[in-house]
Amino acid sequence: MEYFLIIISAIFVNNIVLSQFLGICPFLGVSNKLSTATGMSAAVCFVITLSTIVTYLLNKYLLDPYGLTFLQTIAFILVIAALVQTVEIVLKKTSPSLYQALGIYLPLITTNCAVLGVAITVVTKQFTFGDPAHMLNLGEAAVYAFATAVGYGVAMIIFSGIREHLALNDVPKPFRGIPIALVTASILAMAFMGFSGLV
Amino acid sequence: MTMTKLQLITKGFIKDNPTFVLVLGMCPTLATTTSAINGMSMGLATLFVLVLSNMAISAVAPYVPDKVHIPAYIVIIATFVTVLQFLMQAYTPAMYETLGLFIPLIVVNCIVLGRAEAFANKHTVIESACDGLGIGLGFTLSLTLLGMVREILGTGSVFGWKFITGDGILAFVMAPGAFLCLGYLMVLFNKLAKKNK
């Protein structure tokens, strides 16, 4: 039951893009086409889950016991950068077309704040699923990270679907490009607000 | 094309405005502008990191091997962010709590790494400091403006000074309002920029 609450809350209620504002740059940048959006979401999903597990263990067994938590920011970003490099090498070998499509945005996953944001959130924030409020254990952290990434994918795919249709419409000139995307995102965020109170 | 130092500092306001023209650093822009004061604090925090990291990176850039320059820059930026975290914890603990996650996330703000890549690694320390100051001030200005608009519409106050009785339109303080206000401000900016041309 607890895992179920974590998943629903991370995907819909506290959607990472539409209510926590993390990972906005790729959300606006690669959401022009459904196929690139899907690929990007998959890459982010993989990186978020993996990096959260690694940084969680790093924090619990190395930084915390030796009183080095002030190094959190530096250590986490290094782990994430190394992981992204690995994903890039693997993708280049296994799926060159996807690698081509993601282009500049793959190395930019390093500076996608969603990844570092989730990694920091799971080790610092107390969660109130069930009572009493507690810090997440490894299993919950992994599930939370994965569900958050799925939420990212959901928002990204819905949004890119809308934008594909938007591209065919006659948008007033000053609105073209980013502004109309932001207004669309606002309406989408309003829709997601309907989920609040669910958990 | 070389710019004078004054031009470097003022270009961030309109011409190279990081929020409305370059569209960088959207996450803190949307998340922390629930009020004018929060937006301004976030802008100043970013300004602090931007100036120091720009200076440090321009100083070490000639000695960093090209293959590892991104990780090296990120470590430099992360160091200054950690310094900022300590300073804020010590002197402005309340604001540190409010901005929360978005202080460590300055590390991954594309503006900071972007300026390092696009400017600091091929200019002198002084020029890079001016560039950091200019872009940082532009960012602070946009965040304060967005925060002000959202605070006025959402709660009917400016910098905490309330000028209506009752509540504002709460949605503007929440997520949808952030996207909406930024979108419309950008439209306004586009319109005005075109008129000036």
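1. B:Leu153 belongs to helix α7 of chain B, which spans residues 125–155. In this predicted model, B:Leu153 has a relative accessibility of 33% and is therefore classed as partly exposed, since that class lies between 20% and 50%. B:Leu153 also contributes to a nonpolar surface patch of about 560 Å².

2. The side chain of B:Asp131 meets that of B:Lys11 in a salt bridge, at 2.6 Å from N to O.

3. B:Arg115 and B:Asp131 are both buried. Together, B:Lys11, B:Arg115 and B:Asp131 form a network of salt bridges.

4. Over all chains, the structure holds 3 salt bridges. One of them is in chain A, where A:Arg176 pairs with A:Asp170 and the closest N and O atoms are 3.7 Å apart. A:Arg176 is partly exposed, at 46% relative accessibility. A:Asp170 is exposed because its relative accessible area of 72% is over the 50% cut-off.

5. B:His69 is part of helix α4 of chain B, which covers residues 69–91. With a relative accessible area of 16%, B:His69 counts as buried because the value is under 20%. Its side chain makes a polar contact of 3.0 Å with the side chain of B:Glu117. When residues up to four places away in sequence are left out, B:His69 touches B:Val64 and B:Glu117.

6. The largest nonpolar core has 102 residues, and the members that touch the most others are A:Leu18, A:Ile24, A:Phe27, A:Leu116, B:Ile106 and B:Phe179. Leaving aside residues up to four places away in sequence, B:Phe179 touches several residues of chain A, among them A:Val17, A:Leu18, A:Phe21 and A:Ile24. Its contacts also include A:Leu182, A:Ala185, A:Ser186 and A:Ala189, as well as B:Leu30 of chain B.

7. A:Phe21, one of the residues touched by B:Phe179, lies in the loop between α1 and α2 (24–29) of chain A. A:Phe21 is buried, with a relative accessible area of 6%. Its phi is near 60°, a positive value in a residue other than glycine. In chain B, B:Val23 likewise has a positive phi, near 50°, without being glycine. B:Val23 sits in the loop between α1 (5–10) and α2 (26–31) of chain B.

8. Which residues of helix α1 (residues 2–13) of chain A are buried? They are A:Ile6, A:Ile8, A:Ser9, A:Ala10, A:Ile11 and A:Val13. The elements that cover the buried residues of α1(A) include α7 (138–166) and α8 (178–193) of chain A.

Methods:
Residues are numbered from 1 along each chain as its sequence is written. Chains are lettered from A and ligands numbered from 1 in the order in which they are written. This is a predicted model: local features need pLDDT of at least 70, side-chain atom pairs count only at pLDDT 80 or more; totals for chains, interfaces and linings use all residues. Side-chain values use heavy atoms; hydrogens and water are left out. Helices (H or I, at least four residues) and strands (E, at least two) are DSSP runs, numbered from the N terminus. Buried means under 20% relative accessible area, exposed over 50%, partly exposed in between (1.4 Å probe, protein chains only). A polar contact is a pair of N or O atoms within 3.5 Å; within protein, one must be able to donate a hydrogen and the other to accept it, and residues adjacent in sequence count only if both atoms are side-chain atoms. Contact means heavy atoms within 4.5 Å. A nonpolar core is a set of buried Ala, Val, Leu, Ile, Met, Phe, Trp, Tyr and Cys residues joined through side-chain atoms within 4.5 Å. Patches are made of residues with over 30% relative accessible area and no salt bridge: like charges are joined within 9 Å, nonpolar side chains (Val, Leu, Ile, Met, Phe, Trp, Tyr) within 5 Å. Accessible areas come from the Shrake-Rupley method with a 1.4 Å probe; for residues, only the protein chains shown count as cover. A salt bridge is a side-chain nitrogen of Lys or Arg within 4 Å of a carboxyl oxygen of Asp or Glu.
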